[in-house]
Amino acid sequence: MTDTKSGSTDMRPHFEEIQAHYDLSDEFFGLFQDCSRTYSCAFFERDDMTLGEAQLAKIDLALGKLDLRPGMTLLDVGCGWGSVMKRAVESYDVNVVGLTLSKNQAAFCKRLLDDLDTPRSRQVFLRGWEEFEEPVDRIVSIEAFEAFPKERYGAFFETCQRILPDDGRLVLQTIMGHPLKRWPEMGIPIVMSDLKFMRFIAKEIFPGGSIPCDEDIVDHSGRAGFSVEHLETLNPHYVRTLRTWATNLEAARDAAVAATSVEVYDRYMRYLIGCADFFERGISELGQFTLTKG
C-alpha cells in the first residue's frame, strides 16, 4: 500500500468526487431521507414499517453482527450523516470514529455526536481510510465501498486487517453488480438503455467509483486474511427504499428545485427510479458481508 504520509499522491482520497455528490445540499437530501439522514438501503423487517423504522432496523442488523462490547472502539468508514455511530454509542456503549470525505457530513456528524450524553469518545475526521492507521476493535462500512476505485479494493482490506485485533470483525454493506458476461445466464438481456443508465450513474451521480461484484469482495478480503462468515442480500428492501425516496422527492419538488435546480431534481429522480428498477430486475444487488479475521 502506498504511504500517503510519505508525500505520494497515488492513494490520495477522492475528495472532489465525493464532495460533488454529498456536499450538494444537506437540505436537498433531507427532503427525501428519513429524519436520521440515513442514505443507504433500509431493512423493512415488517411490512408496516416506516422508512425511519426500517433504517434503524438496518443499522441494528449491521451492528448486531459485530459482537460489540462496552468500551470498544468502532470505526465507521464512510460515516454519512452519523446515524450508525449514534446508534452504536446509544445501544452498545462504545467509542466511535467516523471517516467521511464530505465537509457537510463531517460538520453534521460532529453536531449530532456532541449532543449525546455519554462519556465515550466520538471523533469524526474529514479523511479517507487511505489516511487512517489507528487501531480499532470493529469496523463498519455501509455503502461506501462503491465509491472506491477497483484498484484500491485490496489496499482497503489490507488496511482493515492491519488495524483490527485478532478477533476483529468488519461488516461491509455494498451495492454489487454482475459482469456483462453473466447477464445472459441470469436471464438479463443486454440492452442499450441499461448500458446508458449505468454510464449515467458513473458520470452524473457517483464519478470515480466502481461497483464490485460478489467475487471482488470475497477474493480481495480473502487475500487480506478475512473470511466471509455471512452474506445477507437485501435486494427487495432496496427497491422499496429507493421508491420511497423517489416518492418523497417528487412530493417535495418545489423545495428541491429551490435548494438546488431543476436539473439536479430531474437527475436525482432519474437516478432513484432507475436504480429501483435495476434492483428489481436483479441487475444490481445489495449485500451485507460479515467478515472475520483469520
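In this predicted model, helix α3 (residues 51-63) and helix α4 (residues 83-92) approach each other, their axes coming within 10 Å and crossing at roughly 65°. The crossing of α3 and α4 is right-handed. The average pLDDT of the chain is 91, and 91% of the residues score at least 70.

**The contact of α3 with α4**

- Helix α3 contributes Leu 56, Ile 59, Asp 60 and Leu 63 to the contact, while α4 contributes Ser 83, Val 84, Arg 87, Ala 88 and Tyr 92.
- By residue class, the contact of α3 with α4 consists of 6 nonpolar, 1 polar and 2 charged residues.

- Ser 83, Val 84, Met 85, Ala 88 and Val 89 are the buried residues of α4.
- The C-alpha atom of Glu 90 is separated by 8.2 Å from that of Leu 116, a residue 26 positions away along the chain.
- Just after α4, Asp 93 adopts a positive phi of about 55°.

**Strand β5 and Leu 172**

- Leu 172 is a residue of strand β5 (residues 169-176).
- With a relative accessible area of 0%, Leu 172 is buried.
- Apart from its neighbours within four places in sequence, Leu 172 is in contact with Ser 141, Phe 145, Phe 156, Phe 157, Ile 217, Gly 287, Gln 288 and Phe 289.
- One of these partners, Gln 288, lies 116 residues from Leu 172 in sequence, yet the two C-alpha atoms are 5.7 Å apart in space.

**Loop residues with positive phi**

- Most residues other than glycine have a negative phi.
- Arg 37, although not a glycine, has a positive phi of about 60°.
- Arg 37 is situated in the loop between α2 (26-30) and α3.
- Arg 37 counts as buried because its relative accessible area is 13%, under the 20% limit.
- Glu 143 likewise is not a glycine and has a positive phi, of about 55°.
- The loop between β4 and α6 (153-163) holds Glu 143.
- Glu 143 has a relative accessibility of 11% and therefore counts as buried under the 20% limit.

**Helix α7**

- Helix α7 (residues 192-205) has 14 residues and spans 19 Å from its first C-alpha to its last, close to the expected 20 Å.
- Asp 194, Leu 195, Phe 197, Phe 200, Ile 201 and Ile 205 make up the buried residues of α7.

- Residues 1-9 have a pLDDT under 50 throughout, and the model gives them 18 contacts beyond four places in sequence.
- Residues 18-22 also have a pLDDT below 50, with 20 contacts in the model beyond near neighbours in sequence.

Definitions and conventions: Residues numbered from 1 in each chain as written. Predicted model: local features only at pLDDT ≥ 70, side-chain atom pairs only at ≥ 80, totals over all residues. Heavy atoms only, no water. Axes fitted to C-alpha atoms, helices over the stretch in contact; angles between N-to-C directions. Helix = DSSP H or I, 4+ residues; strand = E, 2+ residues; numbered from the N terminus. Left-handed = near helix turned anticlockwise from the far one by under 90°. Contact = heavy atoms within 4.5 Å. Nonpolar A, V, L, I, M, F, W, Y, C, P; charged D, E, K, R; others polar. Expected span 1.5 Å × (residues − 1). Buried < 20%, exposed > 50% of the residue type's maximum accessible area, 1.4 Å probe, protein only. pLDDT = per-residue confidence, 0-100.
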